[in-house]
Amino acid sequence: HGRGGGAITDFNTTRATANVPTSCVMGGLSIDIEGNHTYFSDLAVSLEGPDGTRYSIQRRGRANPFRTHTVRRARGHASAGEWVLTIADQVNADSGVLRGFTLTITCQ
């Protein structure tokens, strides 16, 4: 489970982190993001793995980003270490909150 989060405000980036102690080569990864926002198209959502790889989860799309996402590109990467979820509100006038996230990792 991720720690951190908080208010998602105009032209700011909200971060939450999770430390994964289990070391394996990932066969699958999903992330369940918990929160809300009054206008989803304002948001750019990304996840950074412990090896520095950045995965774009959703970029200024109309879909609700506060749901479960499958991160297919994570296959073959190492699981252990700090994961960082960022939500950037790139437009004026709307706001929300990041309550946290959960990673589900399947090892190869």
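Visitor: Which residues does Thr86 touch, not counting residues up to four places away in sequence?
Guide: Welcome, and please keep in mind that this is a predicted model. Contact here means heavy atoms within 4.5 Å. With residues up to four places away in sequence left out, the ones that Thr86 touches are Thr13, Thr14, Arg15, Ala44, Val45, Ser46 and Arg54.

Visitor: Is Thr86 buried or exposed?
Guide: Thr86 has its place in strand S8. Its relative accessible area is 11%, and the cut-off to apply is under 20% for buried. Because 11% falls under that cut-off, Thr86 is buried.

Visitor: With which side chain does the side chain of Thr86 make a polar contact?
Guide: Ser46 is among the residues that Thr86 touches. The polar contact joins two side chains at 2.8 Å, and the partner of Thr86 is Ser46.

Visitor: Over how many bridges do S3 and strand S8 pair?
Guide: Strand S8 covers residues 81-89, and its pairing with S3 is antiparallel. For S3 and strand S8, the number of bridges is 8.

Visitor: In what order do the strands of the open sheet lie?
Guide: The sheet holds 5 strands, and their pairing is antiparallel. Strand S1 (3-4) and strand S6 (54-59) are the edge strands, each pairing on one side only. Reading across from S1, the order is S1-S3-S8-S5-S6.

Visitor: Which backbone oxygen does the side chain of Thr14 reach?
Guide: Thr14 sits in strand S3 and counts as buried, at 6% relative accessibility. Leaving aside neighbours within four places in sequence, Thr14 is in contact with Gly5, Gly6, Ala7, Ile8, Leu85, Thr86, Ile87 and Leu98. The side chain of Thr14 comes to 2.7 Å from a backbone oxygen, that of Ala7.

Visitor: Is Asn12 buried or partly exposed?
Guide: Asn12 lies in the loop between strand S2 (6-8) and strand S3 (13-20). Its relative accessible area is 40%, while buried would need under 20% and exposed over 50%. Because 40% falls in between, Asn12 is partly exposed.

Visitor: Which backbone oxygen does the side chain of Asn12 reach?
Guide: Not counting residues up to four places away in sequence, Asn12 touches Ile87, Ala88 and Asp89. The backbone oxygen in question is 3.1 Å from the side chain of Asn12, and the residue it belongs to is Asp10.

Visitor: How many strands are there in the protein chain?
Guide: From the N terminus on, the elements run β-β-β-β-β-β-β-β-β. The count of helices is 0, and the count of strands is 9.

Visitor: What is the radius of gyration of the protein chain?
Guide: The C-alpha trace spans about 45 × 25 × 20 Å along its principal axes. For 108 residues the globule rule gives 13 Å, and the chain's own value is close to that, so the chain is as compact as a globular protein of that length. The radius of gyration is 13 Å.

Visitor: What percentage of the 108 residues is buried?
Guide: Thr86 and Thr14 both count as buried. In the protein chain, the buried share of the 108 residues is 45%.

How values were computed: Residues are numbered from 1 along each chain as its sequence is written. This is a predicted model: local features need pLDDT of at least 70, side-chain atom pairs count only at pLDDT 80 or more; totals for chains, interfaces and linings use all residues. Side-chain values use heavy atoms; hydrogens and water are left out. Helices (H or I, at least four residues) and strands (E, at least two) are DSSP runs, numbered from the N terminus. Buried means under 20% relative accessible area, exposed over 50%, partly exposed in between (1.4 Å probe, protein chains only). A polar contact is a pair of N or O atoms within 3.5 Å; within protein, one must be able to donate a hydrogen and the other to accept it, and residues adjacent in sequence count only if both atoms are side-chain atoms. Two strands pair if DSSP finds at least two bridges between them. The radius of gyration is taken over C-alpha atoms; the globule rule is 2.2 Å times the number of residues to the power 0.38.
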